[in-house]
Amino acid sequence: MGGLKILLTLTLLLCSGCGQFFSDRAPAVEIMNVSYDPTREFYRDYNAWFTENYCEGSGESVRVLQSHGSSGKQARFVIDGLEAHVVTLALAYDIDAISSKTGKLPPDWQTRLPHGSAPYTSTIVFLVRSGNPKNIQDWGDLIKVGVEVITPNPLTSGGARWNYLAAWGYALLQALDEDQLSRLSEDDPLLQEAEEKAFAFLSALFRNVPVLDSGARGATTTFARRGIGDVLITWENEALLALKSLPQERLEIVTPSVSILTEPTVSLVDEVIDKRHTRDVAQAYLEGLYSPEGQALAARHYFRPREMQHASPEDRDKFPELHLFTLEEFFGDWQKAHEKHFSPAGCFNRLYAMRYANQEK
Amino acid sequence: MFSSDYISRLSRLIFQVITLAFVSLFLILPLCVIISESFGGGLKAYLNAISHPDTLLALGLTFLAVIVTLPLNVLFGIVAAWALTKYEFRGKSLLSALIDLPFAVPPVIAGFILILYLGKHGVFGSLLEKFDLNIIFSTPAIVIATLFVTIPFVARELIPLMQEQGTEEEQAAVSLGASTLQTFFYVTLPNIKWALLYGIILTVARSMGEFGAVSVLSGHIRGKTVTLPLHIEILYNEYNFTAAFAVSSLLMLLALLTLIAKEFFFWKLNSGGSVHQVQEDTVPGDPAS
């Protein structure tokens, strides 16, 4: 039984080795921030700033646990019981889902913090390869034959929903002007005609998409590292970060003529913070995002801060001016947008199914 | 015309070349890529990545999963194999098939099954709620997921062997007055120990590398519910490619160590420790004396 003895000794050695990692070194308070993909770098820095700052102010040591993934998946985890104290997700719809499915936070959560609980914003831009070999300038170029477009799956990725809605909004603006869009009622034939055109535009666009990743970060890696596709539709913050983090891949940003104002939202998860008595810390954590330091950090990590004056001048230069429309202007609210576009019978599923039908022919 | 000797040598050469090409293309080359990529940032970056607190915590959690899973699976494997080979009962073949279920179920699905089973809305949801217990998205979830996917490994190694050996020896021991435990430790265990060790090694290897089921159940909380494979994914997603490959090489090293352990045991098995000899050594010194 010599073999067993050796194995046992080894096991014991490993046990004692890793035991120390599990000894209690927990600080006074622990909160968990469940966030989406592209905020990894921002919250790493923000958490460091917050723990230091909060400790100085209250004398209480705090540790922020961090979890990242596709926005929809993360919301699903929270619904299934992941103990988030705060959620900082890609779109309000995902936080709405947590609220409506579990009641862990009230339905009016979005009114509890300024700017509809979106402390920072971004927009949707294109990332292309150095020199822009396919000469992509605007949304219209994405449906040209022979252009491969990379965008994640709108059914799982928050970023991809924004991508999709930005493209839809662009297509609407080709048929109607902004004034008409806000004036026309939903069943107006003019608007319906424009929406049919938008549907056709999106169908053509998704015919150019060879692969749907589940999240924004996965799509960036597919495009940048694995070299698949001619253009990546992505968050502006994700594109700027990719330029900085992957200089060897030689990428360029193309800002389209018009895009959507993306508003990633944040909220407390009341049920958890009340049970764990962490409301004060969690509240301070979210309010800190609106502080001058929080805004400056967001800008450093390529998110457009609500208060641009807090960003350093060189950070401010990263954000070019462009025509931005909001979700509310073109789509009403997330509930409506979801019903119409991303529900099982929604436009996305229909146009994506058509894509396969066309391929078979 | 070619002689038959020439043809057989030629075919041997062809087979060897094909095997070698396949092994180098699909095994050795990827390993080399991992190693070269992991040292892409220099030795210092490599050591930094390996010794980063998050990496150590992930390593600790991976070991914890292995350490908890292993004894439970050994116990279960022996019990199940014993039940399936030494006794006759109704539903035996069904039980035998059920043990293989974790082989058949994709790990991701296994993860979702466990969420439905142990989650807040699951079968035990209200009970967990009452005692304020959190199983999924915490360390126990990682362990349970690992346990689930590795259940068949020990049992599957033991069953064929024990079937082949039959029950004569045990019956002899019992008729000589040995108790059940004595029969097990002096007769059965010596007969199955090499297969058991092999099962253990397979379990260890699989527990360390499990990704799918663990990924679904972990919640990806940094420094808390992240095992080595999940940590590699996170590093990769954070554009930290060098560190991702460095940690991969660490996981690979652990896998190689298990392989070496396996080879070592098989070498012992072949050099003097064959099943029959072991049997002859141990049986005389048993309960009767």
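Colleague: Within what distance do the axes of helix α8 and helix α10 of chain B come, and at roughly what angle do they cross?

Modeller: Two packed helices are described by the angle between their axes and by the distance between those axes. In this predicted model, helix α8 (residues 139-165) of chain B and helix α10 (residues 180-209) of chain B have axes that come within 9 Å and cross at roughly 160°. Since angles over 145 degrees count as roughly antiparallel, α8(B) is therefore roughly antiparallel to α10(B), and the crossing of α8(B) and α10(B) is right-handed.

Colleague: Which residues of α8(B) and α10(B) make the contact?

Modeller: From α8(B) the contact includes Thr146(B), Val149(B), Phe153(B), Leu158(B) and Met162(B), and from α10(B) it includes Ile192(B), Leu196(B), Tyr198(B), Leu202(B) and Arg206(B). Divided by class, the residues of this contact of α8(B) with α10(B) are 12 nonpolar, 7 polar and 2 charged.

Colleague: Turning to the sheet of chain A, what is the order of its strands?

Modeller: Strands of a sheet pair through backbone hydrogen bonds, either parallel or antiparallel. Here the sheet is open, with 4 strands in the order β2-β1-β3-β9 (chain A) and with mixed pairing. The edge strands, each of which pairs on one side only, are β2 and β9 (265-268) of chain A, and the twist from one strand to the next averages 20°.

Colleague: In which sense do β3 and β9 of chain A pair, and over how many bridges?

Modeller: Strand β3 (residues 86-89) of chain A pairs with β9(A) in the antiparallel sense, over 4 bridges; within this pairing, Val86(A) has Leu268(A) of β9(A) as its bridge partner.

Colleague: Which strands does helix α3 of chain A lie across?

Modeller: Helix α3 (residues 71-79) of chain A lies across β1 (29-35), β2 and β3 of chain A, and its direction is at about 160° to β3(A).

Colleague: How is chain A divided into domains, and where do their bounds fall?

Modeller: Chain A has domain 1 (26-118 + 263-290) and domain 2 (122-262 + 321-360), with 28 Å between the centres of the two domains, taken over C-alpha atoms. In the contact, 18 residues of domain 1 of chain A meet 18 residues of domain 2 of chain A. On the side of domain 1 of chain A that touches domain 2 of chain A, the elements giving two or more residues are α3 and α4 (92-102) of chain A, and α4(A) provides the largest share, 4 residues. That side of domain 1 of chain A divides into 8 nonpolar, 4 polar and 6 charged residues.

Colleague: What does the domain assignment give for chain B?

Modeller: For chain B the assignment gives domain 1 (1-38) and domain 2 (42-285), whose centres, taken over C-alpha atoms, are separated by 33 Å. The contact takes 5 residues from domain 1 of chain B and 8 residues from domain 2 of chain B, and the side belonging to domain 1 of chain B has 3 nonpolar, 1 polar and 1 charged residues.

Colleague: Finally, how many residues does the contact take from chain A and from chain B?

Modeller: The size of an interface is often given as the accessible area lost when the parts come together. Counted by residues, the contact here takes 23 from chain A and 25 from chain B. Both α1 (2-22) and β2 (62-67) of chain A supply at least two residues of the side of chain A that touches chain B, and α1(A) gives the most to that side, with 8 residues. By class, this side of chain A has 11 nonpolar, 8 polar and 4 charged residues.

Key. Residues numbered from 1 in each chain as written. Chains lettered and ligands numbered in written order. Predicted model: local features only at pLDDT ≥ 70, side-chain atom pairs only at ≥ 80, totals over all residues. Contact = placed C-beta atoms within 7 Å. Nonpolar A, V, L, I, M, F, W, Y, C, P; charged D, E, K, R; others polar. Pairing = 2+ DSSP bridges. Axes fitted to C-alpha atoms, helices over the stretch in contact; angles between N-to-C directions. Domains from an automatic or database assignment. Parallel < 35°, antiparallel > 145°, perpendicular 65-115°, else oblique. Left-handed = near helix turned anticlockwise from the far one by under 90°.
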